[in-house]
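Let's take a walk through this one together, a few strands at a time, with a helix along the way. Have the viewer open and follow along.

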Amino acid sequence: MSTTANDAPRTGASEDFAGQDWGSWPTYEAATLGFRDFWYPIAWAHQITSKPKPLTVAGEEVVLIRDGDEIRALHDRCPHRGVPLSLGRHEFPGTISCPYHGWTYDLTDGKLVAVVTDGPDSPICGKLSVRTYPVEVRLGLVWVYVGDTDDGVPPVEREIPRELLENDFSMGGRSDIREGNWRFAAENGFDEGHAKYLHNTALWRMFKVMPAWNKTRLVERDEWLIRVQDEVHWETKVPGLGTWTNKRWWRKMPLPDAPGKAADVNPVIKGLDLPGFVSIRLPGLLRVAYPHFIHYEWYVPVDAENVRYVQIMVRFETGRKAAAFAFTYLSAIRWLFHGQFTAQDAWMVDVMDAPPERLYRPDISITGWRRMCEARGLVVQKMATRPDGNPGMAVSNTPAIRPPVLTTVRRTGKGFRADRTEGADGAV
Ligand code: FES
Ligand SMILES: [Fe+2]
């Protein structure tokens with residue numbers, strides 16, 4: 001365990017944070033579209049069918065299509081005249097055909113394999129490719145690798161928290177595209193200061209007291225940056241103005257300052273030995289651990305103005321307890337937490353406008369996150385480049401480390417379903 005350099009500004013911090021712009025974090029400032037060389041979750045696997053589905057990730061236009069048991073991802077642009085391939089057809093097995101002139105591409109490597117409007121001996125066949133993306137399915141989500149593959153592709157498990165690879169669990173989740181840049185969403189997620197004030201009207205917190213203010217430091221461990229509370233205060237006495245508190249007679253005093261310190265705690269969560277409830281890691285994943293469940297949220301860049309907000313709630317339970325959780329998720333958590341509570345965050349992410357900005361002491365969480373991004377030598381995703389017909393990239397066949405048993409709660413055309421899956425890749 002090591003504390004970050006951000007621990008330093010404990011007093012007089014507002015003066016240390018007097019900067020108005022993001023000039024101290026030039027890589028982060030440039031990352032409007034996120035970072036390359038990461039896997040991003042961009043869709044629920046069950047939503048991908050043989051009907052091509054267009055999506056945008058990190059400014060790149062991608063078409064997802066199911067090809068038998070596999071899901072393929074290609075750049076969503078026909079090299080002929082630039083028509084989206086997502087408008088095309090699954091004319092022949094294992095291919096996609098552009099709707100305009102019928103140029104037909106192999107789904108595995110993107111190679112042009114037929115041009116039906118130019119006869120069987122079309123000389124352009126085999127001479128070009130549409131770019132393909134490595135695809136994996138984990139946690140019921142489709143993950144696409146955005147980056148260069150010349151030096152190989154890291155396993156998708158690199159992007160998935162260890163506890164989700166090593167344990168059985170039950171989960172529910174939802175994924176929405178929300179307005180605002182992904183960095184505002186990530187900063188909001190790890191933001192120390194806002195929950196006590198913004199969320200004090202949330203139904204999810206109706207019966208739990210939140211502190212009035214804390215003194216916080218940051219700890220970096222196992223890829224995660226963790227918020228640790230050194231002091232927790234339940235009310236603020238403001239000279240000349242009065243007292244402000246989140247305490248109400250109907251609210252229970254809340255949890256201790258770390259999930260593992262609760263009297264009753266799930267053994268998996270206790271085993272994580274987290275010094276605080278909230279952690280963040282690259283390329284934009286928040287973990288909020290409670291004694292009995294963990295909430296994760298991914299901030300996946302869509303474009304400069306939108307973020308894909310993927311939330312899952314996990315309980316490390318199986319059997320009847322897992323089924324009970326699926327019911328609780330559908331009947332309450334999905335609406336109260338993944339709905340109304342995080343909609344308050346979405347509201348702020350949408351209306352926020354920075355820089356310029358003037359930070360205060362709790363913003364140590366934001367500057368710590370920015371500093372972590374800055375220190376990792378990350379590759380910034382540039383504004384969308386014109387497709388260059390570069391050769392197809394191999395689809396990764398990375399095996400799962402350990403097959404999880406999932407109860408995955410999902411939305412269907414007729415409502416919601418909880419599916420139990422025991423699969424090599426956790427796919428649903
Ligand atoms: S634009 Fe795609 S085949 Fe002509
Ligand atoms: Fe929030």
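Helices (H or I, at least four residues) and strands (E, at least two) are DSSP runs, numbered from the N terminus. What you're looking at is a predicted model, where local features need pLDDT of at least 70, side-chain atom pairs count only at pLDDT 80 or more, and totals for chains, interfaces and linings use all residues. Residues are numbered from 1 along each chain as its sequence is written, while chains are lettered from A and ligands numbered from 1 in the order in which they are written.

Start at T236, which sits in strand β15 (residues 235-238). Call a residue buried if 20 or more other C-beta atoms (placed from the backbone) lie within 10 Å of its own, exposed if 12 or fewer, and partly exposed in between. T236 has 14 C-beta neighbours inside 10 Å, so it counts as partly exposed. Skipping its neighbours within four places in sequence, T236 is in contact with A212, W213, T243 and W244, contact being C-beta atoms, placed from the backbone, within 7 Å. N246 is 10 residues from T236 in sequence, and their C-alpha atoms are 9.7 Å apart.

Now for some pairing. Strands of a sheet pair through backbone hydrogen bonds, either parallel or antiparallel; here, two strands pair if DSSP finds at least two bridges between them. Strand β5 (residues 70-75) has 5 of its 6 residues buried, so the rest of the structure largely encloses it. Strand β4 (residues 60-67) pairs with β5 in the antiparallel sense over 6 bridges, with R66 partnered by I71. The β4-β5 hairpin has 2 residues between the strands, and G68 takes a positive phi there, near 65°. Strand β9 (residues 132-133) also runs antiparallel to β5, joined by 2 bridges, and Y133 in β9 stands opposite A73.

Elsewhere you'll find an open sheet of 3 strands, ordered β6-β7-β8 and paired antiparallel. β6 (95-97) and β8 (112-115) are at the edges with a single partner strand each, so one side of each has no neighbour in the sheet. Between β6 and strand β7 (residues 103-106) there are 3 bridges, and T95 has D106 as its bridge partner.

Finish with helix α8 (residues 364-375). Its expected span is 1.5 Å times one less than its number of residues; for 12 residues that should be 16 Å, which agrees with end C-alpha atoms 16 Å apart. Because 9 of those 12 residues are buried, α8 is largely enclosed by the rest of the structure; W369, R370 and M372 are among the buried ones. Just after α8, G377 takes a positive phi of about 65°.

Notes:
Contact = placed C-beta atoms within 7 Å.
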